[in-house]
Amino acid sequence: MSSELRLPDGFPMAPKRCRRASQAFFDCFSEKGKQPEGGNQHAGREALEACKALLDNYSKCLDKHAKLEFHRVQEEYRLRN
């Protein structure tokens with residue numbers, strides 16, 4: 001493996017605007033990171049490598065949307081059920 005892959009600081013956060021990117025990465029990482037019988041100390045690293053493109057998309061989305069500040073709107077603009 002060429003360089004060390006790391007999970008982003010916001011992991012496992014999944015902002016609404018990153019729903020697709022986060023779900024795709026989580027699904028891939030869960031599938032590829034399963035421990036085989038007898039264990040594998042490198043399973044996590046191998047899963048990150050296998051899901052690298054999805055990890056990159058997830059990281060970019062978190063960088064863009066995770067730090068957004070939300071403000072509560074006035075009462076008259078809130079949705080009612």
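What percentage of the 81 residues in the protein chain is buried? I looked this up at the outset, bearing in mind that the model is predicted. Buried residues account for 22% of the chain, where buried stands for under 20% relative accessible area.

**Overall architecture.** I then listed the secondary structure and found 3 helices and 0 strands in the protein chain. Along the sequence I read the pattern α-α-α.

**Contacts and surface.** I looked up the contacts in the protein chain with a separation of 6 or more, and 62% of them join residues 24 or more positions apart.

**Helix H3.** I turned next to H3, which runs over residues 52-65 and has 14 residues. From its first C-alpha to its last I recorded 20 Å, close to the 20 Å expected at 1.5 Å a residue.

Which residues of H3 are buried? I noted Leu55, Tyr58, Ser59, Cys61, Leu62 and His65. These residues lie on the same side of H3, because they cover an arc of only 165 degrees around the axis.

I then asked what the buried residues of H3 pack against. Their partners are helix H1, residues 19-32, and helix H2, residues 43-50.

Finally, I inspected the face of H3 turned away from its buried side. There I found the exposed residues Ala53, Lys60, Asp63 and Lys64.

Note on methods
Residues are numbered from 1 along each chain as its sequence is written. This is a predicted model: local features need pLDDT of at least 70, side-chain atom pairs count only at pLDDT 80 or more; totals for chains, interfaces and linings use all residues. Side-chain values use heavy atoms; hydrogens and water are left out. Helices (H or I, at least four residues) and strands (E, at least two) are DSSP runs, numbered from the N terminus. The expected span of a helix is 1.5 Å times one less than its number of residues. Buried means under 20% relative accessible area, exposed over 50%, partly exposed in between (1.4 Å probe, protein chains only). The arc is that of the directions from the helix axis to the C-beta atoms. Contact means heavy atoms within 4.5 Å.
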